[in-house]
Amino acid sequence: MTFVLLKLIHVLAVVLWVGGMAFAHFFLRPAVQPLEPPQRLALMQRVLQRFLAAAGWAVLAVLASGVALLGLARASAAMPLAWSAMAVLGVLMAAIYAHVRFVLFPRLVRAVEASDWPAAGTAMAPLRAWVGTNLGLGALTIAVAILGRG
Ligand code: HEM
């Protein structure tokens with residue numbers, strides 16, 4: 001029962017994190033492209049501010065519930081290779097999230113606050129690339145988790 005509840009928390013947090021990245025990457029960004037840089041970049045900054053705060057809790061929930069699931073399972077059975085792969089990919093995704101939130105996003109905030117739109121555009125490019133990368137890793141991790149059940 002504890003295992004199932006932990007897995008529910010784990011998967012709900014994955015949905016928020018990976019689903020949010022998919023929304024930002026595939027729907028929000030293309031939709032704001034026609035806007036002028038001041039409107040577009042300020043809007044992206046405000047949306048990312050909210051998303052990154054919520055995603056931070058989701059990342060903590062995914063990692064904590066994942067480690068707890070491993071702890072519970074280790075007591076009863078051998079650990080499948082897919083779970084080790086999920087843990088490695090999960091830690092890598094969390095590191096990319098931390099880089100986005102604590103290094104790349106503050107550059108965008110500073111540029112938007114200074115109304116320096118060329119700098120804000122420059123700050124947005126690596127943000128987009130890393131969120132895209134993490135989205136791909138998220139999809140891969142979900143595939144590993146599901147297909148690994150064999
Ligand atoms: C430290 C990181 C992580 C650890 C230790 C971990 C561990 C686990 C464990 C032990 C399970 C239970 C597997 C089962 O009952 O078959 C699980 C399920 C799952 N995990 Fe993770 N996980 C981590 C990160 C992630 C990430 C980053 C994702 C996706 C982006 C993810 C997606 C899933 C999914 C979709 C399931 C449900 C699989 C199923 O029941 O078919 N996990 N995880």
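**Exercise 1. Find which residues Ala111 is in contact with, leaving aside its neighbours within four places in sequence.**

Solution. The model is a predicted one. Start by placing the residue: Ala111 belongs to helix H3. Once the neighbours within four places in sequence are set aside, its contacts are Asp116, Ala119, Ala120 and Ala123. Leu41 is 70 residues from Ala111 in sequence, with 9.4 Å between the two C-alpha atoms.

**Exercise 2. Decide whether Ala111 and Ala73 are buried, partly exposed or exposed.**

Solution. Count the C-beta neighbours inside 10 Å. A residue is buried if the count is 20 or more, exposed if it is 12 or fewer, and partly exposed in between. Ala111 has 20 such neighbours, so it counts as buried. Ala73, found in helix H2, has 14, and therefore it counts as partly exposed. Ala73 can also be located relative to Phe3: the two are 70 residues apart along the chain, and their C-alpha atoms are separated by 8.2 Å.

**Exercise 3. Describe the chain as a whole: which elements does it have, and in what order do they run?**

Solution. Count the elements first: there are 4 helices and 0 strands. From the N terminus on, the order is α-α-α-α. Next, take the extent along the principal axes: the C-alpha atoms fill a box of roughly 55 × 25 × 20 Å. The chain has 150 residues, and 25% of them are buried. Last, consider contacts with a separation of 6 or more: 81% of them join residues 24 or more positions apart.

**Exercise 4. Examine helix H3: what is its span, and where does a kink lie?**

Solution. H3 has 33 residues and reaches 47 Å from its first C-alpha to its last, close to the expected 48 Å. The kink, of about 40 degrees, lies at Phe105, shortly before the proline Pro106. Among the buried residues of H3 are Leu104, Leu108 and Ala111. Just after the helix, Ser115 has a positive phi of about 50 degrees.

**Exercise 5. Identify which members of the largest nonpolar core touch the most other members.**

Solution. This core has 27 residues, and those touching the most other members are Trp17, Leu108, Ala120, Ala123, Met124 and Leu127. Two or more residues come from each of H1, H2, H3 and H4. The largest share is that of H2, with 8 residues.

**Exercise 6. Describe the shell around the ligand: which residues come nearest?**

Solution. Of the 24 residues around the ligand, the nearest are Gly66, Leu69, Gly90, Thr141 and Ala145. Helix H1 (2-32), helix H2 (37-76), helix H3 (81-113) and H4 each give two or more residues to the shell. H2 gives the most, 7 residues. Sorted by type, the shell has 17 nonpolar, 5 polar and 2 charged residues. Two of the nearest residues, Thr141 and Ala145, are also listed among the buried residues of H4.

How values were computed
Residues numbered from 1 in each chain as written. Predicted model: local features only at pLDDT ≥ 70, side-chain atom pairs only at ≥ 80, totals over all residues. Near = placed C-beta within 6 Å. Nonpolar A, V, L, I, M, F, W, Y, C, P; charged D, E, K, R; others polar. Core = buried A, V, L, I, M, F, W, Y, C linked by C-beta atoms within 7 Å. Expected span 1.5 Å × (residues − 1). Bend = angle between axes of the 7 residues up to and from the residue. Contact = placed C-beta atoms within 7 Å.
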